[in-house]
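Hi,

Here is the structure I promised to pass on. Have a look at it first, and then read on for what turned up when I went through it.

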Amino acid sequence: MSEYDTGDHDDAPPPARCAPVLAAAFVREPAMRWISGGSDRVRRAWFTTTLRTHATLPGARRHLLTDRHGRAVAAAVLTPPAAAPSGAARAAWAARTLLGCGPRALLRTLRYLHATEAETPPGAWTLEFIGVEPAAAGRGAGGWLLDRLLAATPAPGGVFLTTADEANVRLYRRFGFTTLRRLTVGPLEVTAMWRPDPSERTRAGG
């Protein structure tokens, strides 16, 4: 039994509770370092603003894992198929990102999104973020949460993600993701990955 089986898995946490966990988890993640310029302040503001906007999407999902002491140790954010912020929400996100993070962070985020969003397979959910607090890293929290959210998300079109961290590619492959394409975004080498829905794959084979 994992130590997290005695913790708590919240499948509807507020964005403000997930943002600090992800900001801490992504401190060394290559894409986030490129976007934030390595600034802790910018990274925290970016996650706060981005998750606030993401929460406006109908059907958007957030997951939060706490340990047995009630401390948040991991978080994940998913976007439903074909969901996108309204024009007003997108404009508000851009304005808040510009003010809170600066023009470099805004332009680099838009550049990353332009390159990666086009790779999303039709009908797929997108795993936008999943991360573990550094103090809890290496104890299975990320794998535990990923396994639970994949099982809980009805995704006949599969689940899509991108990562600029090669170490993550090996992790995601263990969970059934395959590489769709490798992209170059600025200095980043980004891997686009997709995981078909296991039940659909079983029906097709049966």
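Let me start with β7, which is mostly covered, with six of its eight residues buried. Do bear in mind throughout that this is a predicted model.

β7 has partners on record here in two strands. With β5 (residues 159-163) the pairing is antiparallel and runs over five bridges; if you want a spot to look at, Leu161 sits opposite Met193 of β7. With β6 the sense is again antiparallel, and seven bridges join the two strands. There you can find Thr178 facing Trp194 in β7. β6 and β7 make a hairpin with two residues between the strands, and Gly186 has a positive phi near 60° in it.

Strand β2 (residues 61-66) pairs with β3 through six bridges, in the antiparallel sense, and Arg62 is across from Val77 of β3. Five residues separate β2 from β3 in their hairpin, and Gly70 in the turn takes a positive phi of about 90°. β3 is also joined to β4 by six bridges, again antiparallel. In that pairing, Ala76 stands opposite Ile130 of β4.

α3 covers residues 40-54, so 15 residues by the DSSP run, and its first and last C-alpha atoms are 21 Å apart, close to the 21 Å expected at 1.5 Å a residue. The buried residues of the helix are Val42, Arg43, Trp46, Phe47, Thr49, Thr50, Leu51, Thr53 and His54.

His54, which is found in α3, has a relative accessible area of 9%, so it counts as buried.

On to the packing. The largest nonpolar core has 26 residues, and those with the most contacts inside it are Leu22, Trp46, Phe47, Leu51, Phe129, Leu188 and Val190. At least two residues of this core come from each of α1 (15-25), α2 (30-36), α3, β3 (72-79), α5 (103-117), β6 (178-185) and β7 (188-195). α1 gives the most, with five residues. There is also a second, separate core of 23 residues, which includes Leu146, Leu150, Val169 and Phe177.

The part I would open in the viewer is the set of aromatics around Phe129. The count of aromatic pairs comes to six. How are the rings of Trp46 and Phe129 arranged? Their centres are 5.8 Å apart and their planes meet at 85°, so the pair is edge-to-face. This pair links distant parts of the chain, since Trp46 is in helix α3 and Phe129 in strand β4 (residues 125-132), 83 residues apart. Both partners are buried: Trp46 has a relative accessible area of 6%, and Phe129 has 13%.

Phe47 and Phe129 also form an edge-to-face pair, at 5.2 Å centre to centre with 65° between the planes. Here Phe47 lies in α3 and Phe129 in β4, so the pair ties together parts that are 82 residues apart in sequence. Phe47 counts as buried, at 0% relative accessibility. Together, Phe26, Trp46, Phe47 and Phe129 form one aromatic cluster.

Happy to go through any of it with you.

Cheers

Terms used:
Residues numbered from 1 in each chain as written. Predicted model: local features only at pLDDT ≥ 70, side-chain atom pairs only at ≥ 80, totals over all residues. Heavy atoms only, no water. Helix = DSSP H or I, 4+ residues; strand = E, 2+ residues; numbered from the N terminus. Expected span 1.5 Å × (residues − 1). Buried < 20%, exposed > 50% of the residue type's maximum accessible area, 1.4 Å probe, protein only. Core = buried A, V, L, I, M, F, W, Y, C linked by side-chain atoms within 4.5 Å. Pairing = 2+ DSSP bridges. Phe/Tyr/Trp six-rings, centres within 6.5 Å; stacked < 30°, edge-to-face > 60°.
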